[in-house]
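Welcome! Please take a moment to look over the sequence and the 3D structure before reading on.

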Amino acid sequence: MKCYAIAEMDITDPSWVQEYVERVTPLVEARGGRFLARTLKAEKLEGEREKSQIYLLIEWPSREAAVEFYESEEYRPYLEARVAGARNELVLVAGEDVTGLASLRD
């Protein structure tokens, strides 16, 4: 089952960003991940939390592929740089409809 990584970031120290994007993008793609969005353009329609600076959406072939990437030694230094230089929220969302009513693409 596909899995989606949804991230919200507020950059506090931009020194890590360029290298992170240049190095992590091919690491994600090499493990089967596909960027669906990496943007500053987001419109908040409801809720009480402040809107984040950056939103990111990655489609993974499976939860296992996403976790394998996240926990990999090759990603670790970039993860540490991101955690040190931004406020982050990251969730994995299963590509399923628990009601069975929606037609989800594979």
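The model is predicted, so to speak of local features pLDDT of at least 70 is needed, side-chain atom pairs count only at pLDDT 80 or more, and totals for chains, interfaces and linings use all residues. Residues are numbered from 1 along each chain as its sequence is written, and side-chain values use heavy atoms, leaving out hydrogens and water.

Let us begin with helix α3, which spans residues 76-85 and has Tyr-78, Leu-79, Arg-82 and Gly-85 as its buried residues. Buried means under 20% relative accessible area, exposed over 50%, and partly exposed in between, with a 1.4 Å probe and protein chains only. Helices (H or I, at least four residues) and strands (E, at least two) are DSSP runs, numbered from the N terminus.

The buried residues of α3 pack against β1 (3-11), α1 (17-30), α2 (63-70) and β4 (86-94), where contact means heavy atoms within 4.5 Å. On the other side of α3, you will find Val-83 and Ala-84 exposed.

Now for the rings: the structure holds five aromatic pairs. Rings of Phe, Tyr and Trp (its six-membered ring) pair if their centres lie within 6.5 Å; planes under 30 degrees apart count as stacked, over 60 as edge-to-face and the rest as tilted. Tyr-20 and Tyr-75 form an edge-to-face pair because their ring centres are 6.2 Å apart and their planes stand at 65 degrees. This pair links distant parts of the chain, with Tyr-20 in helix α1 and Tyr-75 in the loop between α2 and α3, 55 residues apart. Both Tyr-20 and Tyr-75 are buried.
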